[in-house]
Amino acid sequence: MIIKGATALVTGGNRGLGRAFVEALRGAGCARIYAGARRIDGAAADGVVVPVELDITVPAQVAAAAARCADVNLLINNAGVAGFKPALGAPTMDDARLEIETNYLGTLSMCRAFAPVLKSNGGGTLVNMLSVTSFFNAPMNGSYCASKAAAWSLTKAVRFELRAQGTTVIGVYAGFIDTDMTQGIDGPKSSPVAIAARVIEGIAAGAEDILADQRSRDVFDALRKDDRAFDADMQQVWEKWRRGQGGGKSLSSWPDLFGPSTSSGRSLKARL
Ligand SMILES: NC(=O)c1ccc[n+]([C@@H]2O[C@H](COP(=O)([O-])OP(=O)(O)OC[C@H]3O[C@@H](n4cnc5c(N)ncnc54)[C@H](OP(=O)(O)O)[C@@H]3O)[C@@H](O)[C@H]2O)c1
């Protein structure tokens, strides 16, 4: 799609990757960018960026945003949470519920509310910010991975349903990004600015899947080559982590989470 002159909405646009998306869209010439945030704290519109109070898990706020932002032709579902807990080892199911409520059901709620908006504005583009962990499960962060796998499947469902109205539906995949979400994790991280730039490039090119960093490209290739070998390596990572942690250690050794060796190489058409 042509981003110059477009009207976008970014959920979780107040910090982290969401803020980088807002600035990248501004740089690419968007005419208006609604920056969704749970707390807008009286932030004023600046001519291009318009703050919108939006908790994606609150149906009334999602409906109000769809009514107010009726000119949107580019939706970026970026808002997300990660509890960094094992599925069974977590003391309660609270993190798992929040991850599903936000990463899956919140994203679904936004897709449902904005599908007619996108249609009435010519089809447009819908982007779901997923994760490299949509492709596999890292048990140290097991319930988050499940929520991102669900969101990946949802992205395909939405793509099927919206193709007839001319909406391009994009999934974005990335490894660690240097935001509040990964504070306390040592190891390689992409900058949010670099990820946002890659996504802008993909939107402009009409890609349906954007492997936004080297980690996601490597993992994607490794899984297609031999997903059982990948999971066998992950089992070892888990056993090592479990022995070392006793369930409660800091996250600093978590780069091991992506420990299974991967190799890059092939890239696919229709993917960036
Ligand atoms: N960081 C990574 O390594 C990484 C890697 C791959 C994918 N991702 C994905 O990228 C997206 C952005 O993550 P990030 O790294 O920027 O995380 P972050 O720094 O923790 O920011 C999360 C953003 O989501 C918002 N949010 C959370 N729950 C919300 C809700 N119910 N309604 C509306 N907004 C909500 C937060 O708003 P508040 O300020 O109100 O909390 C914040 O703006 C997420 O979907 C994440 O899963 C992140």
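Two strands pair if DSSP finds at least two bridges between them. By that rule, strand 4 (residues 74-77) and strand 5 pair in the parallel sense, over 4 bridges. Leucine 74 stands opposite threonine 125 in strand 5. The model is predicted.

Strands of a sheet pair through backbone hydrogen bonds.

Strand 6 (residues 168-173) is largely enclosed by the rest of the structure, because 5 of its 6 residues are buried. A residue counts as buried if 20 or more other C-beta atoms lie within 10 Å of its own.

Strand 6 runs parallel to strand 5 (residues 125-129). Isoleucine 170 in strand 6 is the bridge partner of valine 127. Between these two strands the chain passes through helix 4 (residues 142-162), and this β-α-β crossover is right-handed.

Strand 6 also runs parallel to strand 7 (residues 209-211). Here glycine 171 stands opposite aspartate 209 in strand 7. The chain goes from strand 6 through helix 5 (residues 192-205) to strand 7, and this β-α-β crossover is left-handed.

The bridge counts are listed below.

| Strand pair | Bridges |
|---|---|
| Strand 4 and strand 5 | 4 bridges |
| Strand 5 and strand 6 | 5 bridges |
| Strand 6 and strand 7 | 3 bridges |

Definitions and conventions. Residues are numbered from 1 along each chain as its sequence is written. This is a predicted model: local features need pLDDT of at least 70, side-chain atom pairs count only at pLDDT 80 or more; totals for chains, interfaces and linings use all residues. A residue is buried if 20 or more other C-beta atoms lie within 10 Å of its own, exposed if 12 or fewer, and partly exposed in between; C-beta atoms are placed from the backbone. A crossover is right-handed if, with the strands pointing away from the viewer, the path from the first strand over the helix to the second runs clockwise.
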